[in-house]
Amino acid sequence: MTFLRFFFLVAFLYGCASASKQSTSLPYYGWDESPDFSELRRVWGDADNFAELCEAGRPLNGVIEKMNAEQWESAAAMGLRWLEQCPVDIRGHYFTAVSLEESGRGQDAEAHYRWTKGLMDSLVASGDGESPETAYVTISAAEEYDALYFFGLEKKSQALISGPIMCDLLTATNEEGKTFRIYFNPAAHFVRLAKWAGEVAEKIEKD
């Protein structure tokens, strides 16, 4: 299958951490529903506990290992558990959909393919990635890598552009070796980092 050739291009930013609980203040939907994916991504990206829910312990490496071993049911179960915690994980939906399809659960797979498309369409609609002013707006740094994955690109370098618009510049190549420069604006990620830094500074002052 064609998706297998992409597995070794995937780069992961976050390591393992303790499991977290769902936040009752965040919206959750059934997989058969079609929410406003842009609004869903915005609300989740603005959540103070986004890192706890959607970055810590992201299990995609484990899912990929099971998929490569053709342990489809185990891969699907792992993916579904993660998506119950973090429903805005684009590659999480895609890998889960593939695993469900290979497990003979085509109807369930279709729902996650639809969520993959909805989330990815939302990201792509946020800009064109050709300049800082028209950067793709992402809710996390990991979404930048999700985008590269679906663009069929492999990252070669990454640079932080500090102004006047702060964004990430990723240089990547396709299978033919053609180089692309793509701008991403992980605005929600920057806001969360600034808030975290402020909390740390406040704690240091009190101590």
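I read the order of elements first: from the N terminus the protein runs α-α-α-α-α-α-β-α-β-β-β-α. That comes to eight helices and four strands, taken as DSSP runs numbered from the N terminus (helices H or I, at least four residues; strands E, at least two).

Before going on, I noted that this is a predicted model, where local features need pLDDT of at least 70, side-chain atom pairs count only at pLDDT 80 or more, and totals for chains, interfaces and linings use all residues. Residues are numbered from 1 along each chain as its sequence is written, and side-chain values use heavy atoms, with hydrogens and water left out.

Next I checked burial (buried is under 20% relative accessible area, 1.4 Å probe, protein chains only). Buried residues are 46% of the 207 in the protein.

I then went to α7, residues 141-151, and found nine of its eleven residues buried. Among them are E143, E144 and D146, along with L148 and Y149. G152 follows α7 with a positive phi, near 75 degrees.

Then I looked for nonpolar cores (sets of buried Ala, Val, Leu, Ile, Met, Phe, Trp, Tyr and Cys joined through side-chain atoms within 4.5 Å). The largest has 28 residues, and W44, C54, V88, L148 and F184 have the most contacts inside it. α6 gives the largest share, five residues.

I followed C54 by contacts (heavy atoms within 4.5 Å). Leaving out residues up to four places away in sequence, C54 touches W44, W82, C86 and V88. Another core, of eleven residues, lies apart from the largest one, and I found L60, M67, V98 and Y149 among its members.

Note on methods
Buried means under 20% relative accessible area, exposed over 50%, partly exposed in between (1.4 Å probe, protein chains only).
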